[in-house]
Amino acid sequence: MNYEEKRKQLVESLKERGILTQEKVINAMLKVPREQFLPENVQDSAYVDTPLLIGSEQTISAPHMNAMMCEILNLKKGDKVLEVGTGSGYHASLCAEIVAANNSKTSGHIYTIERHEDLAEKARENMRRTGYDKYITVIVGDGTLGYPQEAPYDKILVTAASPMPIPPPLKQQLKEGGILCIPAGSRRYTQNLYKITRKGDQFKKDKITGVRFVSLIGKYGFDDS
Ligand code: SAH
């Protein structure tokens with residue numbers, strides 16, 4: 001079976017499991033070639049629903065987690081999105097496919113921050129190869145500070161596990177009505193995935209499900225140890 005057929009099968013199974021429901025997320029999952037964001041030795045597993053190692057001891061999330069987080073954010077054409085934790089660049093490209101691709105007039109943009117320079121460079125290469133680099137800016141730095149230069153954001157996606165409390169700059173850089181999707185909790189064990197919606201100076205917090213992510217490391221994250 002070729003990659004495209006495997007991709008279709010994975011999307012079908014995520015639909016059957018009730019994880020994929022939004023048409024725009026389904027279309028993006030069908031379009032973005034996950035194998036192109038993976039190191040060669042794991043490309044064969046691109047469409048197995050599992051996290052995979054991408055270098056620097058970091059992992060790309062399982063596809064069901066990418067799908068779930070995109071749905072929680074309710075991404076729309078034209079959204080300005082901040083992602084913390086670029087990793088392979090796959091999730092940023094999925095977001096770009098929904099908010100920006102093929103629609104220059106109302107094109108949104110993704111700003112994504114990665115603390116490992118080598119991963120950021122690889123992600124840029126992956127995005128260039130797949131054409132998503134037009135809609136994505138990769139920044140090397142500490143994403144727990146957000147990226148005030150382009151704030152405020154319609155949506156913020158964090159793909160590494162944060163301690164509690166959630167980094168205040170991320171909440172501050174959210175637009176009115178904006179949504180922040182973030183895993184938070186203990187460092188070594190499981191965390192919960194939260195959907196945080198800004199209403200004026202209030203933040204409504206919904207706990208979605210138990211999850212397990214690599215650690216968010218930085219000023220408002222965990223220590224580098
Ligand atoms: N979204 C990625 C997977 C990310 S894994 C993908 O689609 O492949 C989590 C990433 O967060 C790792 O690459 C890790 O280096 C990065 N990270 C951890 N703490 C960070 C911080 N404070 N700022 C930016 N990146 C961080």
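A: A nonpolar core is here a set of buried Ala, Val, Leu, Ile, Met, Phe, Trp, Tyr and Cys residues joined through side-chain atoms within 4.5 Å, where buried means under 20% relative accessible area (1.4 Å probe, protein chains only). The model is predicted: local features need pLDDT of at least 70 and side-chain atom pairs pLDDT 80 or more, while totals for chains, interfaces and linings use all residues. Residues are numbered from 1 along each chain as its sequence is written, and side-chain values use heavy atoms, without hydrogens and water.

The largest nonpolar core holds 51 residues, of which Leu20, Met29, Leu75, Ile110 and Ile136 touch the most other members. Two or more residues come from each of several elements, including helix H1 (3-16), helix H5 (117-130) and strand S7 (174-185); helices are DSSP runs of H or I with at least four residues, strands runs of E with at least two, numbered from the N terminus. H4 gives the largest share, seven residues. Another core, of 19 residues, lies apart from this one and includes Val84 and Leu180.

Beyond four places in sequence, Ile136 is in contact (heavy atoms within 4.5 Å) with Ala92, Ser93, Ala96, His109, Ile110, Thr112 and Met127.

An N or O atom in the side chain of Ser88 is 2.6 Å from a ligand oxygen atom, and a backbone N or O atom of His91 lies 3.1 Å from an oxygen atom of the ligand.

Notes
Buried means under 20% relative accessible area, exposed over 50%, partly exposed in between (1.4 Å probe, protein chains only). A polar contact is a pair of N or O atoms within 3.5 Å; within protein, one must be able to donate a hydrogen and the other to accept it, and residues adjacent in sequence count only if both atoms are side-chain atoms.
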